Amino acid sequence: MSLSIAERIALIRSGLPAGVRLIAVTKQVPSDAIREAYAAGIRDFAESRVQEAEPKTIQLQDLPDIAWHFIGHLQANKAQKALQLFEWIHSVDSLKLAQRLDRLAEQLQRKPNVCLQVKILRDPNKYGWTVPDLLADLCALNQCRHLQIQGLMTIPPLGLDESETLAVFEGARELAEKIREQNWPNIRMRELSMGMSADYSVAVKAGATAVRLGTVLFGERQLSSPP
């Protein structure tokens, strides 16, 4: 007998340290399943496509304490809508995007929480800064005063074993510590958004403050599911 969404959430939470935020990834998950997760205590929900998120935010607007997180690659033409829909953007992956979000946030009078997406290992299949490029861009990022830069987000390359994955997550934690020591006024390094269904336990060992879980909460996604 398969577990219910509430039972899966309870099981995952029992293994998470206090203070680690459980973000439910609802890509291709219908609104009624999101309501089940909400009833089980989840308040943080994540989407990777603006166009899928928008109808869900409308359908679930009677749940006012939901925090919506954006975790996908954000195209420039979707930046304004993303700022209107999401409290958090985990996938700020370039200086150009950060500066665009900063300008738009000023116009919209918003102060979004963002994480900087970094590639600890070079990976042509992922967006994000390399470590040297991010360090070089910190001065310019510090000028983005309408963004609340809260930390780093990373996704390991595919095909790593557990020890290699742990090294990636530990590299992100060490990078955050290095940036924190530089005392940038507008760059906080409080958050480490890392770990998904297949590797979240490894990420927690390395110091993750937020894990982004979809499959382990909702099961395998059905491509035909309505938004």
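Tutor: C139 is partly exposed, because its relative accessibility is 47%. The cut-offs are these: buried is under 20% relative accessible area, exposed is over 50%, and partly exposed is in between, with a 1.4 Å probe and protein chains only. This is a predicted model, so local features need pLDDT of at least 70, side-chain atom pairs count only at pLDDT 80 or more, and totals for chains, interfaces and linings use all residues. Residues are numbered from 1 along each chain as its sequence is written, and side-chain values use heavy atoms, with hydrogens and water left out.

Student: OK. And C144, is that buried or exposed?

Tutor: C144 is buried, as its relative accessibility is 2%.

Student: How many disulfides are there?

Tutor: A disulfide here is a pair of cysteine sulfur atoms within 2.5 Å. By that rule, the count is zero. C139 is in no disulfide, and the nearest cysteine sulfur to it, that of C144, is 11 Å away.

Student: Let's switch to helices. What is the span of α5?

Tutor: First, the terms. Helices (H or I, at least four residues) and strands (E, at least two) are DSSP runs, numbered from the N terminus. The expected span of a helix is 1.5 Å times one less than its number of residues. Helix α5 covers residues 95-108, which is 14 residues, so it should span 20 Å. Its end C-alpha atoms are 20 Å apart, which agrees.

Student: Which residues of α5 are buried?

Tutor: They are L95, L97, A98, L101, D102, L104 and A105.

Student: What covers them?

Tutor: The cover includes α4 (79-85), β4 (88-92), β6 (129-130) and α6 (131-141).

Student: What comes just after α5?

Tutor: Q109, with a positive phi of about 55°. Q109 sits in the loop between α5 and β5 (113-119). It is exposed, given a relative accessible area of 75%.

Student: You mentioned α6. Where is L138?

Tutor: L138 lies in α6. L138 counts as buried because its relative accessible area is 0%.

Student: What does L138 touch?

Tutor: Contact means heavy atoms within 4.5 Å. Not counting residues up to four places away in sequence, L138 touches I179, Q182, W184 and I187. Between L138 and L97 there are 14 Å, C-alpha to C-alpha, and they are 41 residues apart in sequence.

Student: New topic: holes. How many cavities of 30 Å³ or more are there?

Tutor: Definitions first. On a 1 Å grid over the protein atoms alone, a cavity is a set of points where a 1.4 Å probe fits but cannot get out. A pocket is an open set with protein on both sides within 12 Å along at least five of seven lines, and lining residues have an atom within 4 Å of a point. Grid points are joined across faces, edges and corners, and a volume is the space filled by probe spheres set on the points. The search of the whole structure finds one cavity of 30 Å³ or more. The largest cavity has a volume of about 40 Å³.

Student: What lines the largest cavity?

Tutor: R21, I23, H69, W88, H90, C115, E191, L192, S193, T209 and A210. β8 (187-193) gives the most, with three residues.

Student: And the largest pocket, what is its volume?

Tutor: About 430 Å³. Of the 22 residues that line the largest pocket, S48, I71, G72, I155 and M196 are the closest to its centre.

Student: What about the second largest pocket, what is its space?

Tutor: About 240 Å³. It has 14 lining residues, and the closest to its centre are P156, P157, L158, A198 and D199.

Student: Last one. Where is R221?

Tutor: R221 is in the segment after α9 (215-218). It is partly exposed, because its relative accessibility is 29%. Leaving aside neighbours within four places in sequence, R221 is in contact with V25, K27, Q28, G214 and T215.

Student: How far apart are R221 and Q28?

Tutor: They are 193 residues apart in sequence and 6.2 Å apart in space, C-alpha to C-alpha. Q28 lies in the loop between β1 and α2 (31-39). Its phi is near 60°, a positive value in a residue other than glycine.
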